[in-house]
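Subject: Handing over a structure, with notes

Dear colleague,

I am passing on the structure below, and would be glad if you could look it over with the notes that follow it.

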Amino acid sequence: MEENRKIKIPGMLYILISFIPWIIYWILCSMGNTLGVLIPLIISLILINPQVQRRDFNLMDITSLLYFSIANVATFIFNVSVFMEQNGFMGYFVLFLMALISIIVKQPYTLQVSKRDYPEAYWKNKSFLAINNLITAVWAGIFLSNAVIFLFFSFPFTVIFSNVLVALGIIFSTIFPIKAPAYFTTKEFKRYDWNVKVEPKIPKGENEYDVIIVGSGIAGLVCGALLSRRGYKVLVMEQHSQVGGYCSSFQRGGFVFNTGVEDVSGLWERGPVTRLLEVLGLKREDLFVRNTTRYILKGEEISANNLEEFTNALSSIHPEEKDNISSFFSDAERAYIECYQGTEIYGVPLPAELIVKVWGERELLDYPRKCPLFYDWMNKTYIEKLDEYFNDEDLKYLMSALLGYVGTEPEKTPASSALTACVSYYLHGGYFPKGGAQRFANTLRDFVEEQGGEVLTRHKVDKIVVEKGKVTGVRRGENTFEAPIVVANANAKTTFLELVGEDILDKEFTRYIKGLKMSPSAFMVFLGADVDLSSYPTLIKNLDEGYEIIINSNADPTLAPDGKSSITLIRGANYHDFPERGTEEYVKKKEEMREMLIQKAEKVIPELKGHIVVQDAATPKTLERYTLMPEGALYSFDQSVEVKRPYFKTPLKGLYLASASTFPGGGIEAVVMSGIICANDICGWEGGLLL
């Protein structure tokens, strides 16, 4: 019985059911039968009864009940014949008024029945409201037209015309909700969704390739690895002496330091990094090790190696929030799993426009039903989700500790981004790259070369060659390398404004690219210490002082000489706070910030300064110099909720973006996804590259 009560009649069918009393009314009254007034009232009472019990009313059924109650009183008590003789005009005009009023009060009458087909998270969606406004407006037009038809025409024209309009309304109401979301979602993307046919099996000449990748960040290397595995002739060109972009390492006096990558997500069972490693024949345990983390908030230390330990620690500090903490993580885990539903073939969750392209219109329409929890996260900010569960402001602040991985504040962070890029670390842990971040990048480079691809370092591309709106290759100095597809792993601003050139691009598009705000950067201090710090966790996040300590050698002892430690201190930094490189002011600012960070770290690691044997530092301008990322931005563009990143396909045919510039954003897991998506599209979404 419980199962039966949960069965819901589909919204469109429910509208048809609501029409039943009106159909009977028009048929019987046109035959002069007074039962045409009585029977619809009885049916209306039957339809309204379960709504009274649920206290959830359908406007059309309420209108029917009121209309037929008045009609019965007028017909049988006052002997008024207008409801019988003018049944067509009266009925349709009342329905017109119902539809019109519902639009005026911003509650279109089809909205109530449409809600039956969608989870609550979808009800406030702008497109959902817009679609129902338009459907209701169409029905209002049909009702008014039919009222006019019955007023000025007679049988059989009234029956023919009115039924044709109603049939058209039903067809429109059935098809439009399916087509409209897909249309609005893909309207802009379709302008860029060109297709370039590449034949990997056709032999290529010297300096001729199937795909050229400009830049060797992780997204570019992932794209190159997957394409070379499929037999594409791939060329990767890198301006630096080593590959990896931000995923790189360097040595000082026997100590190894990473240039920012120390906590990698996406390595759980169904994570995109795990799937990538599997398809490339690599093992997670050979390349990554699970991190240990400690948080410091109001002088209190919170250490946890897994979700259970973390929730227990939080609950002991905030016992009044214990149930809320449990509910938050339970719901977050279910939403996270929903996000990765259906990723078996292509390996990654797809943005809305690609859901339509790859899976079809119906899949987009069904997404809120299939993934109601994740859909809810997609349509809220992170602070809104935290407010739903927690009351304690300190707890909310702690739950925002990892937002540095996104570079935004809780009120400006899409909740879905916080879930996948931050909360996922609590659910499945973060990982440190064994041997340093450079080893992971080098492993991908080696795979590309083993599959017959080429990776050229110290080869800065001067120009992406474009002819008649289509890329034909790249130029370096006097040399031209030809390919029908170019993948820009460089930042989108660098790609369009420098490598392509404004003169080739649409002015509106150029303004859009120029207007994109860069994400925050960081100031880093690299320390080699002649002391064993293995009693500390790998990551120490001091929320009180706004910085982080990474003891690299605790994750991998080979990153420091025996008995010594490799340490990185990181804090957020603004590019514009630093003078020009090479000036006295710049050197002074750099030294002051380095000393300040070391002093802060000594509160956690006493007498650290006395054990330093190697030290170096990097400012946002250092990062810009080595990676060519504008402003040394860690995540390319600002990842706030209102920012729209460029599509991975560009206005120039054959030119792709695979980097933090495009979906889904910054971070190793995100750029791995970007590389996978780009490779899948180049292959025409055939077969799935991660099968």
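In what follows, a residue is called buried if its relative accessible area is under 20%, exposed if over 50%, and partly exposed in between, with a 1.4 Å probe and protein chains only. Please keep in mind that this is a predicted model, in which local features need pLDDT of at least 70 and side-chain atom pairs count only at pLDDT 80 or more, while totals for chains, interfaces and linings use all residues. Residues are numbered from 1 along each chain as its sequence is written, and side-chain values use heavy atoms, with hydrogens and water left out.

The protein has 691 residues, of which 54% count as buried, and its C-alpha trace spans about 105 × 65 × 45 Å along the principal axes. Its secondary structure comes to 27 helices and 19 strands, these being DSSP runs (H or I, at least four residues, for helices; E, at least two, for strands) numbered from the N terminus.

Contact (heavy atoms within 4.5 Å) involves, among others, F89, F93 and S102 in α6 and T136, F143 and L151 in α8. The residues of this contact divide into 15 nonpolar, five polar and no charged, where Ala, Val, Leu, Ile, Met, Phe, Trp, Tyr, Cys and Pro count as nonpolar, Asp, Glu, Lys and Arg as charged, and the others, Gly among them, as polar.

Within α6, S102 counts as buried because its relative accessibility is 2%. The side chain of S102 reaches the backbone nitrogen of Y109 at 3.1 Å, and S102 also touches L59, Q107, P108, Y109 and T136, not counting residues up to four places away in sequence.

A second pair, α14 (residues 322-339) and α18 (residues 382-389), has axes that come within 9 Å and cross at roughly 135°, and the two helices are therefore oblique to each other. Their contact is made by N324, S327, F328 and D331 of α14 with Y382, L386 and Y389 of α18, a set that divides into four nonpolar, two polar and one charged.

Note on methods:
Axes are lines fitted to C-alpha atoms, for helices over the stretch in contact, and angles run from 0 to 180 degrees between N-to-C directions. Angles under 35 degrees count as roughly parallel, over 145 as roughly antiparallel, 65 to 115 as roughly perpendicular and the rest as oblique. A polar contact is a pair of N or O atoms within 3.5 Å; within protein, one must be able to donate a hydrogen and the other to accept it, and residues adjacent in sequence count only if both atoms are side-chain atoms.
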